[in-house]
Amino acid sequence: MNTLIYLIPVALSLGGLGLVAFLWALKSGQYEDLDGASWRVLDDGDGKGESSQTLFDQDQPTETDIALD
């Protein structure tokens, strides 16, 4: 029973700390661009802006280039 005297204020303070951190994240704009992070993972970051089609067309022989005997 004596441990509840310590555990209840600790639990309330941790809950309050979590609430303050969540409100800070909302106020600072952490949840504004939810889709941007998923697209930045796929970005190469080289700034060339190449499409995915040009990446596959670089000196790769196709079925029509291969002579079938």
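Mentor: Welcome! A residue is called buried under 20% relative accessible area, exposed over 50%, and partly exposed in between, using a 1.4 Å probe and protein chains only. This is a predicted model, where local features need pLDDT of at least 70 and side-chain atom pairs count only at pLDDT 80 or more, while totals for chains, interfaces and linings use all residues. Residues are numbered from 1 along each chain as its sequence is written, and side-chain values use heavy atoms, with hydrogens and water left out.

Trainee: Thanks! Which pattern does the protein follow along the sequence?

Mentor: Helices (H or I, at least four residues) and strands (E, at least two) are DSSP runs, numbered from the N terminus. Here there are three helices and zero strands. Read along the sequence, that gives the pattern α-α-α.

Trainee: What span does helix H1 reach from its first C-alpha to its last?

Mentor: Helix H1 covers residues 2–27, which is 26 residues. The expected span is 1.5 Å times one less than the number of residues. For H1 the expectation is 38 Å, and close to it is the span in the model, 39 Å.

Trainee: How is the aromatic pair of Phe22 and Tyr31 classed?

Mentor: Rings of Phe, Tyr and Trp (its six-membered ring) pair if their centres lie within 6.5 Å, with planes under 30 degrees apart counted as stacked, over 60 as edge-to-face and the rest as tilted. By this rule there is one aromatic pair. Phe22 and Tyr31 lie 6.1 Å apart, centre to centre, with 55 degrees between the planes, so the pair is tilted.

Trainee: Which residue meets Asp33 in a salt bridge?

Mentor: A salt bridge puts a side-chain nitrogen of Lys or Arg within 4 Å of a carboxyl oxygen of Asp or Glu. The structure holds one. The N to O distance is 3.8 Å, and the partner is Arg40.

Trainee: Which residue's backbone oxygen does the side chain of Ser38 reach?

Mentor: Ser38 sits in helix H2, residues 36–42. With a relative accessible area of 41%, Ser38 is partly exposed. Its side chain reaches, at 2.8 Å, the backbone oxygen of Asp35.

Terms used
A polar contact is a pair of N or O atoms within 3.5 Å; within protein, one must be able to donate a hydrogen and the other to accept it, and residues adjacent in sequence count only if both atoms are side-chain atoms.
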